[in-house]
Every structure is written in C-alpha cells, then in structure tokens.
Amino acid sequence: MGFRRRQVVTAALTANAIRPVPGFEMGIPAFFAGWLTGELAPHVLALTAADAATHARGRRRDPVGLALAGLSAAGLAFLVGQARRVREVAEDSLTEALGAEYVEQLDAAPTPADLAVPWRRLVYPFRMRSAQVRVDRDIAYNEHGRRGLLDVYSPASSPVEGAPVLLQVHGGGWSIGTKEQQGIPLMQHLAAKGWVCVAINYRLAPRDPFPAQVVDVKQAIAWIKENIASYGGDPDYVAITGGSAGGHLASLAALTADDTGWQPGFEDADTSVRCAVPHYGVYDFAGSTGLKSAERMRDGFLARRILRTRWQDHPELFEAASPLLRITPDAPDFFVVHGSRDTLVGVDQARLFVARLREVSRRSVVYAELPGAQHAFDVFPSIRSSHVVRAIDRYLHWHWNSYRHDRASA
C-alpha cells in the first residue's frame, strides 16, 4: 500500500474515532473502525509520524499524503488528550455522587503517581499477564460443561482471608465470548491489591435463549457465597461488574435478587450483591424508553436471536429482562460507566437508567460518562481504561471500607 493510500485510511479511521459515522445500520462498522484507533491512538500517532518522516526524507515527496498525515496526527493527538481527560471526569463523578470526603474511606489517598498514565505498560497493551496474580482456572459452578466454568483471580504473593469479591460477567451480545476475553485489566489490578475476582462463562443464545444467561449469573453468585471462602474471599461481600451484555446481566442480577423464578433448583440461595459496576450496558430490552435505537435492537436482534420470541407476543418477557424496569428502592449501590460515542449501545440508555436509579433507589448512584469513548473501551490496557480501572478501584475500596465500618459498628 502506497504512502498516500495509507494516510487516507489513517485519516478516515481517525475521523471516525473522533466522530463516528451516524445511523443504526452503521453502528457495528463504526465501532470496529473507531474502537482500536481510539484506544490505541498513541501507537497510531507514533506510526503515522514515523511513516511521514520516512516519506519526507525520500526523493519523491507526496504533499497530499503529508498533509493527510498532518491532519491525522492532529486528530490522534486530540484523541490522546480526550482519553487523558477521563481521569478528571471519573474523579468528578465520584466526588459529585459520594462527596469529596469519600477519599477518607480509602486505605490511602491516591498519589499523583497512582493517577499518572502508566505509559510503560501501555507500550504492549495486549500483554496482560501479571506475576502478581494467581489464576485458578476452569472450576465448575454448574452442570453446563465449559459454559458453566469460572476462573478465580487472587494475589500470588500471599494467601488472603476474608477478602472482598468481584464477579466479572463477559459481554458478546449474549451469544459469543468467554471469561478469558474481558475484564482482565480490572481483575488483575484488584487481585494484586488483595481482592478475589471471579470471571465466569455462561450459556449463550440462540442455543440457550434468555433467561438462561441471567440464571447462570445468579448460580455463579450462589456458588461464590458457598465456596469463595476456600479461595480467601468474603462470601458476605460480593460486587458485580461486566460490559455490554455483561453490563446488562450484572445490572439485572443485582436488581433481581428476590426473583426466585430465575433460580430453578436453587430457589433458597442468596444471590444478592453489595454493589454493581456495569460498563456500556443494555438497560432497555423492552423499548420502554421510546428510544428508536432500543426499539430497533429489540425487534431486529433481541427478539430474533436472544429471547427467540416477538415483542408483540410476549412483552412481559422483554420487560422482565429490562434492568430499567426492575429498579426498586432496595437496589444496591451502582457505579455506571458509559462512553459518549458508543455506536453499539447509545449513551441515552445509560442516562435514562441512571436517572431512574436516582429517582427510585435509596442507595448511592455514580455515573461517569466518558468523553469520546466507544464501546468496549476497557478490554485491554489503554490511557482511558487505565483511568477507568483506577476510578473503579477507588469506588470499590470506598464501598468495601464503608461496608466494613458499618458492619463493625453494628
């Protein structure tokens, strides 16, 4: 591929990352075209600069190609700056919802070094192994074969006892994905700091239509309550997180601990969680918000592939599957994270979900809307995901320490 053609492609990808191509039909192409460019903007910027410098030293310079490279470099620098802003956005969200004094509940206030971009680690973003973390793999939590397996992440240096527990639920449109593919940066970060993290597989649609997925999530929570003490975790403190379909399932499980209809054969099990941290989740299966994007997702994808029934025939199934419609005053604490440029699940769903939580729930609700972020921004280490991981770290440690203080007082 010639220099000018490379710069045309880079400029187009950069432009789409800054302002994704609009329209429901373009959501998936716009995501794939913009996701890696946005999260790997420093890498693309370095390659673009090197390519332009090499070409400029040659005998046959292409002024159009060099101009395109300059525009791309400016756009990529803008994306880098936008990602770095997430640090302030996330911290402002925590302070607004919890109060500036929330930092007093942390083990220690974060230092500038704690909040700085970990540039060295980001050089190789897809290398995600950590010598500080031990992983016990492929533990069965139900009878569904490899779809009923989980992994347990814990500190490698020394055994823990009574540690807080985080359950990670992968995304993938309820129809693809595995426990090894998502949430790794967050789980490794927390496990290195003394948490016990659990990542699960679950049954997938269309082979197993909804609600099989949320049933499995609830069964995993029940397994944690019964077994996590042997891995050093506190069965009385379970937080839940997940992205996309995993954000939907994490939210739905958190809001329906009293729905024993989704606990076949383990109706008496405790499936409650202390707090939920959904990322770019789907909160409106039923189209109850009136959002055209939610209605199109409902009729064009969820009905055909996930629930395997039409909205017109069984609206109650779609309503039961909508976290937005399952909110009660007893909802647990929530920290909702969503990108402002998400083309797969529009940010309006998150805004309306948070508004409803704040209207109904008696517990705290934190909302961080990340400027310029696409879907799946946290899959691998990046500037943006490093800031999100550490914001969630602060939130979860605030929540865990508050829980311990309240328990000690009681």
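**Close-up views of a predicted model**

**Arginine 4, with a relative accessible area of 41%, is partly exposed.** Here buried means under 20% relative accessible area and exposed over 50%, with partly exposed in between (1.4 Å probe, protein chains only). The model is predicted, so local features need pLDDT of at least 70 and side-chain atom pairs count only at pLDDT 80 or more, whereas totals for chains, interfaces and linings use all residues. Residues are numbered from 1 along each chain as its sequence is written, and side-chain values use heavy atoms, with hydrogens and water left out. Aspartate 62 counts as buried, at 14% relative accessibility. Aspartate 62 and arginine 4 form a salt bridge, in which the closest N and O atoms are 2.8 Å apart. This pair links distant parts of the chain, since aspartate 62 lies in the loop between α3 (41–56) and α4 (63–84) while arginine 4 lies in helix α1 (residues 3–18), 58 residues apart. A salt bridge is a side-chain nitrogen of Lys or Arg within 4 Å of a carboxyl oxygen of Asp or Glu. Helices (H or I, at least four residues) and strands (E, at least two) are DSSP runs, numbered from the N terminus.

**Aspartate 234 and arginine 407 meet through their side chains in a salt bridge (3.3 Å, N to O).** The two partners are 173 residues apart and link distant parts of the chain, with aspartate 234 in strand β5 (residues 233–243) and arginine 407 in helix α14 (residues 383–409). Aspartate 234 counts as buried at 8% relative accessibility, whereas arginine 407 is partly exposed with a relative accessible area of 42%.

Glutamate 180 is partly exposed, at a relative accessible area of 39%, while lysine 179 counts as buried at 1% relative accessibility. The structure holds 23 salt bridges.

**An open sheet of 8 strands, with mixed pairing, runs in the order β1-β2-β4-β3-β5-β6-β7-β8.** Two strands pair if DSSP finds at least two bridges between them. The edge strands are β1 (133–140) and β8, each of which pairs on one side only. From one strand to the next, the twist averages 20 degrees. Helix α10 (residues 245–255) packs on the sheet, touching β3 (163–169), β5, β6 (275–279) and β7, and its direction makes about 140 degrees with that of β5. Contact means heavy atoms within 4.5 Å; axes are lines fitted to C-alpha atoms, for helices over the stretch in contact, and angles run from 0 to 180 degrees between N-to-C directions.

**Strand β7 (residues 333–339) and β8 pair in the parallel sense over 6 bridges.** Glycine 339 has leucine 370 of β8 as its bridge partner, and valine 336 stands opposite tyrosine 367 in β8. Strand β8 (residues 365–370) is largely enclosed by the rest of the structure, because 5 of its 6 residues are buried. Together, β7, helix α13 (residues 347–360) and β8 make a right-handed β-α-β unit; a crossover is right-handed if, with the strands pointing away from the viewer, the path from the first strand over the helix to the second runs clockwise.
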